[in-house]
Protein chains: 2
Amino acid sequence: MYRQRLIAPGPVEISPAVQAALSARQLHHRSPEAKAVVKRARELLRVVAGVSEAIEPIILTASGTGAFEAVLTSLVAREDQVLSISAGKFGERWADMAKALGYSVQEKRLEWGKSIPVSAVQVLLEANPNARALLVTHSETSTGALHDLEQIAHMAKQKNPEMLLIVDAITSLGVAELRLEAWGLDAVISGSQKATGAPPGLAFAFLSTRALEILNSTKSTGYYFDLRREVKVQATGETAFTPAINLIVGLNAALEPIAAEILEFGIEAYWANKKALNNALLLCAKALGCSSYADSPSPACVTLVPPEPISGRELWAALLKRGARAQTGQDGIKDKICRISFMGHFDRYDALGFAGLLEESLLDCGANITRGAGVAALWQALG
Amino acid sequence: MYRQRLIAPGPVEISPAVQAALSARQLHHRSPEAKAVVKRARELLRVVAGVSEAIEPIILTASGTGAFEAVLTSLVAREDQVLSISAGKFGERWADMAKALGYSVQEKRLEWGKSIPVSAVQVLLEANPNARALLVTHSETSTGALHDLEQIAHMAKQKNPEMLLIVDAITSLGVAELRLEAWGLDAVISGSQKATGAPPGLAFAFLSTRALEILNSTKSTGYYFDLRREVKVQATGETAFTPAINLIVGLNAALEPIAAEILEFGIEAYWANKKALNNALLLCAKALGCSSYADSPSPACVTLVPPEPISGRELWAALLKRGARAQTGQDGIKDKICRISFMGHFDRYDALGFAGLLEESLLDCGANITRGAGVAALWQALG
């Protein structure tokens with residue numbers, strides 16, 4: 001009766017072109033065709049990330065967590081001090097990971113749902129003036145908050161210009177404004193199943209020229225995740241170890257139209273469109289009595305708190321009954337919120353369809369709403 | 001004019017069923033459908049590996065090297081001594097990896113192409129009676145040699161029963177006789193793009209009950225590759241981090257017919273069939289003046305040395321001109337050998353077709369052979 005829809009903040013819907021690419025004949029990863037695929041993926045990733053040729057995009061067969069571990073263990077020596085500032089599950093994970101890997105970590109955990117105040121970054125930096133790296137998340141997928149990375153990076157550069165800025169952009173890259181070079185970021189991590197609209201299984205690490213220099217003077221403490229080895233070979237389309245080449249073929253099918261749009265209309269227009277879609281979804285939800293859990297919503301997803309007494313989990317279950325898979329919250333806000341994303345193969349008409357789905361799902365939950373109010377609000381917002 | 005063929009020792013040809021599975025709609029890895037996929041993959045992997053329910057098969061999104069790192073860093077403490085015995089590039093890699101990861105490594109590198117003599121294992125073990133782990137490769141893909149893992153394991157158990165036996169079975173699992181439980185192996189590593197006939201991007205670690213106990217008392221020095229975390233969740237179809245779920249869907253499509261065949265005819269018959277196919281290929285090549293580089297050929301691939309003055313690389317290039325991608329040698333034997341594998345979606349009639357391809361490719365290289373001799377030898381061998 002209902003079509004199956006994926007509206008979670010990753011994995012996202014993939015396009016028929018991606019599906020077709022995934023079903024192509026098996027390539028050998030050492031063949032010239034496969035090398036051309038890897039080289040093309042790196043070109044397209046640079047376009048989607050809005051970075052110049054100076055930035056090295058590294059493709060890894062792993063999840064985003066794997067790529068974060070690769071960046072950390074390849075750039076930061078085990079005896080160095082690492083700082084972490086967070087306001088959500090993923091930000092907290094990076095501190096936990098750094099501790100598990102044996103680093104000395106100073107961290108500041110802030111209230112979930114809020115955007116990290118730059119003053120908190122300042123306090124952390126002033127208390128730890130010799131830290132080697134700061135770990136920070138741009139779009140916190142557990143709470144739906146976008147952190148002000150530009151201001152955080154500005155403060156970091158002022159207080160400790162030698163410190164490395166390592167950024168989890170897993171759900172922000174290709175969605176939110178993100179300027180690796182202008183903001184002075186050293187490493188930016190993302191994953192294939194988010195804005196790039198490909199299946200999960202690949203992760204990306206974008207390295208600044210400074211990070212590349214440091215890479216050459218630091219010994220990685222990992223082996224599979226040794227980025228020095230990858231940097232050496234990926235420019236030629238090789239990878240240090242056997243890659244998930246079929247997924248890279250699929251990734252290119254996903255990235256080609258995105259890159260074409262960015263090259264034609266500019267990356268600012270691309271970001272603006274993503275923001276407008278997400279904002280329309282928020283206005284639609286608000287017109288239906290929902291509120292946003294995040295004070296400063298990321299364009300990658302909305303984290304809805306339904307009108308009382310409906311829980312986020314009830315809304316999630318009602319959406320699922322109508323074929324649409326969103327995501328509940330995690331840990332302490334497991335039942336409180338319902339997370340919805342328009343990333344991936346998704347346009348304004350899909351958004352309009354979703355407005356109807358949200359209305360009827362809220363009605364299923366017994367919400368006291370006017371049929372058509374959500375649809376009207378979304379369509380008005382996209383006008 | 002010629003159809004494209006993949007005859008390298010991985011990635012191998014995938015079946016149309018695998019291609020179709022790869023092009024299915026995107027699953028969310030936390031959905032019940034995805035969990036059922038992961039659980040089914042684990043059941044099928046147990047059948048293909050010929051192990052009981054007591055053995056834990058762990059699926060990782062990584063290459064085989066990643067899985068080897070995961071096993072090593074999850075089971076062996078950094079201060080423990082590791083032994084490595086090898087006679088080829090992959091065996092040598094495990095010693096290099098262990099060193100890079102900070103272990104104290106005692107290794108014995110033997111001549112490439114030879115099967116590891118059990119006496120050499122004995123000498124290494126007697127010289128290092130307190131070693132915590134022995135790293136050994138079952139089928140050495142760089143040389144095409146199959147090592148006598150049963151005898152090596154027997155010697156290891158005799159000399160140091162407390163020592164862990166960590167086995168690279170990347171190209172042997174599902175091809176060569178391999179008895180994890182009967183031989184007392186503690187960890188066996190394999191990859192999706194070999195005998196299982198799926199695309200690359202997934203790796204497997206099979207852990208013995210003893211390894212599982214040790215896992216609980218050892219702190220992993222990695223994070224993404226922390227197997228304790230994976231063991232806890234994979235029984236329920238979860239994974240610790242976002243997996244390449246599309247590849248697991250493809251993997252199941254590849255494993256279903258293999259597991260069905262094993263369940264119907266027994267794993268011995270399955271291994272015998274793989275061995276017979278590879279043996280027929282060897283006899284065909286010998287009838288055409290080629291010899292085997294390996295003294296004790298693995299059923300996973302043949303490593304051909306063509307008749308003088310033709311180099312392995314020339315044969316490789318001639319095969320490629322006729323659409324078939326085999327693999328050259330590596331490092332010191334780069335040009336000497338041509339590696340060919342019948343793993344994956346490949347049967348006796350494909351083998352017969354290949355005999356003709358090998359004949360004509362050798363003729364292209366100027367070999368002094370009788371047309372039909374290779375075809376007759378192969379077909380006779382398969383009779």
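**Rings, burial and symmetry**

Modeller: This is a predicted model. To start with a charge and a ring, A:Arg229 lies over the face of A:Tyr223, 4.4 Å from the ring centre.

Colleague: What makes B:Arg313 a residue that lies over the face of B:Trp316?

Modeller: CZ of Arg has to be within 6 Å of the ring centre and within 35 degrees of the ring normal. B:Arg313 is at 5.8 Å from the ring centre of B:Trp316 and is listed as lying over its face.

Colleague: Why is the pair of A:Tyr224 and B:Phe225 called edge-to-face?

Modeller: Ring centres must lie within 6.5 Å, and planes over 60 degrees apart count as edge-to-face. The structure holds 17 aromatic pairs over all chains. For A:Tyr224 and B:Phe225 the values are 5.5 Å centre to centre and 65° between the planes, so the pair is edge-to-face.

Colleague: Why does that pair join two chains?

Modeller: A:Tyr224 lies in the loop between helix 7 (209–217) and helix 8 (227–234) of chain A, and B:Phe225 in the loop between helix 8 (209–217) and helix 9 (227–234) of chain B, so the pair joins two chains. Both residues belong to one aromatic cluster, which also includes A:Phe241 and B:Phe241.

Colleague: How do you know whether A:Tyr224 is buried or exposed?

Modeller: Buried means under 20% relative accessible area. A:Tyr224 has 4% relative accessibility and therefore counts as buried. B:Phe225, at 2%, counts as buried for that reason.

Colleague: What do B:Phe342 and B:Phe354 tie together?

Modeller: B:Phe342 and B:Phe354 form an edge-to-face pair, 5.5 Å centre to centre with 80° between the planes. B:Phe342 lies in the loop between strand 15 (338–340) and helix 13 (348–364) of chain B, and B:Phe354 in helix 13, so the pair ties together parts that are twelve residues apart in sequence. B:Phe342 and B:Phe354 are buried.

Colleague: Where on helix 8 of chain B do the buried residues sit?

Modeller: The buried residues of helix 8 of chain B are B:Ala211, B:Leu212, B:Ile214 and B:Leu215. They cover an arc of only 165° around the axis, which means that they are on the same side of the helix. The face turned away from that side carries the exposed residues B:Glu213, B:Asn216 and B:Ser217.

Colleague: Why is the relation between chain A and chain B that of a two-fold axis?

Modeller: A rotation of 180° with 0.0 Å of shift along its axis superposes chain A on chain B, with an RMSD of 0.0 Å. That is the relation of a two-fold axis. The same surface serves both copies, since 100% of the contact residues of chain A recur in chain B.

Notes
Residues numbered from 1 in each chain as written. Chains lettered and ligands numbered in written order. Predicted model: local features only at pLDDT ≥ 70, side-chain atom pairs only at ≥ 80, totals over all residues. Heavy atoms only, no water. Least-squares fit on C-alpha atoms with pLDDT ≥ 70 in both. Contact = heavy atoms within 4.5 Å. Phe/Tyr/Trp six-rings, centres within 6.5 Å; stacked < 30°, edge-to-face > 60°. Helix = DSSP H or I, 4+ residues; strand = E, 2+ residues; numbered from the N terminus. Buried < 20%, exposed > 50% of the residue type's maximum accessible area, 1.4 Å probe, protein only. Arc of directions from axis to C-beta.
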